[in-house]
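Q: I have the model open on my screen and would like to learn how to read it. Could you take me through it feature by feature?

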Amino acid sequence: MKTLNVAKKMVADNPVMLVEIDDIKDEEVVKEVTDAFTNLTYEDDDGVGIQIRSDIFMDFPTRHMFDEAFQTVTSLYKYLVKEEVSKAYQSSWFFINKPDEGNSNFHHHTEFADKWTKSTTTYTWTYYLQLPDNCIDDEGKLGFQKFDDTSVVEYLEVFPKTLYIFSGAAWHRPMISPNSTKDRIVAAGNVCIANASKSFLFL
């Protein structure tokens, strides 16, 4: 396992692992994502934000990013839990928040993926490719809700070149950024480790 710079924070009683990632070409990934709106026809479902499956993107920097996130999560599991990964799976996507997005909902990712809803997510991760600017107070942050008291909400400021790993059961939401001049572009994924006996987040 390569050396990782790792930190852990508690946000509304949710453990969040922060891992520095320095070999992802953010600008090239952003270009492939934004080019898709020129080269393909996207149909908006009027939901919150724009969510795009990652499997339509084939350029190496994008595939490498999703693989790097997966390998980081599974390597941390092996190193911290001290248990081999017999089989692991990943469901991944991009999420785009435009500045005029007026809504953001708390949600979780307990269900691993569409059509695989009876399989449980072991870890959810997010990686911020492009962050909003001109944010005031908690705008643009990642909000977490306390599991046993939904009135308690805390906010985590997020940064580029960092992988954020948390429980698939954690209630969270991206805070809107109405003053920004840029879209927020996030890569995210659910990882299901089939033989997981415990979570490294709670060690």
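A: Two strands pair if DSSP finds at least two bridges between them. Helices (H or I, at least four residues) and strands (E, at least two) are DSSP runs, numbered from the N terminus. Keep in mind that this is a predicted model, where local features need pLDDT of at least 70, side-chain atom pairs count only at pLDDT 80 or more, and totals for chains, interfaces and linings use all residues. Residues are numbered from 1 along each chain as its sequence is written, and side-chain values use heavy atoms, with hydrogens and water left out.

Q: What is the strand order in the open sheet of three strands?

A: In general, strands of a sheet pair through backbone hydrogen bonds, either parallel or antiparallel. Here the order is S7-S6-S9, and the pairing is antiparallel. S7 (149-156) and S9 (172-174) are the edge strands with a single partner each, so one side of each has no neighbour in the sheet. From one strand to the next, the twist averages 25 degrees; for such angles, axes are lines fitted to C-alpha atoms (for helices over the stretch in contact), and the values run from 0 to 180 degrees between N-to-C directions.

Q: How many bridges join S6 to S7?

A: Five, with S6 covering residues 142-146. To find one on screen, pick Gly 143: its bridge partner in S7 is Tyr 155.

Q: Which strands form the open sheet of seven?

A: Its order is S1-S2-S8-S5-S10-S4-S3, with antiparallel pairing. S1 and S3 (50-53) are the edge strands, each pairing on one side only. The twist in this sheet averages 25 degrees from one strand to the next. S4 and S10 run antiparallel and are joined by 10 bridges; in one example, Phe 94 has Ala 187 of S10 as its bridge partner.

Q: Where do the helices H1 and H2 sit relative to that sheet?

A: Look for contacts, meaning heavy atoms within 4.5 Å. H1 packs on the sheet and touches S3, S4, S5 and S10, with its direction at about 90 degrees to that of S5. H2 also packs on the sheet, touching S1, S2, S4, S5, S8 (162-166) and S10, and its direction makes about 130 degrees with that of S4.

Q: What joins S1 and S2?

A: Six bridges, in the antiparallel sense. The two strands form a hairpin with two residues between them, and Ala 12 in the turn has a positive phi of about 55 degrees. Met 10 stands opposite Pro 15 in S2. S2 also runs antiparallel to S8, over five bridges, and there Met 17 stands opposite Ile 165.

Q: Is S2 mostly covered or mostly open?

A: For this you need the burial classes: buried means under 20% relative accessible area, exposed over 50%, and partly exposed in between (1.4 Å probe, protein chains only). S2 is mostly covered, with six of its seven residues buried.

Q: Which residues of H1 are buried?

A: An α-helix has 3.6 residues a turn, so residues three or four places apart point the same way. In H1, the buried ones are Asp 26, Val 29, Val 30, Glu 32, Val 33 and Ala 36. Down the axis they fall within an arc of 160 degrees, so they line one face of the helix; the arc is that of the directions from the helix axis to the C-beta atoms. Glu 27, Thr 38 and Asn 39, on the other side of H1, are exposed.

Q: What does Asp 26 contact?

A: Asp 26 counts as buried at 11% relative accessibility. Beyond neighbours within four places in sequence, Asp 26 is in contact with Tyr 127, Tyr 128, Leu 129, Pro 160 and Lys 161.

Q: How many salt bridges are there in the whole structure?

A: A salt bridge is a side-chain nitrogen of Lys or Arg within 4 Å of a carboxyl oxygen of Asp or Glu. The search finds six. One of them joins Lys 98 and Asp 183 (3.0 Å, N to O). Lys 98 lies in the loop between S4 and S5 and Asp 183 in the loop between S9 and S10, so the pair ties together parts 85 residues apart in sequence. Lys 98 is partly exposed, at 36% relative accessible area, and Asp 183 is partly exposed at 21%.
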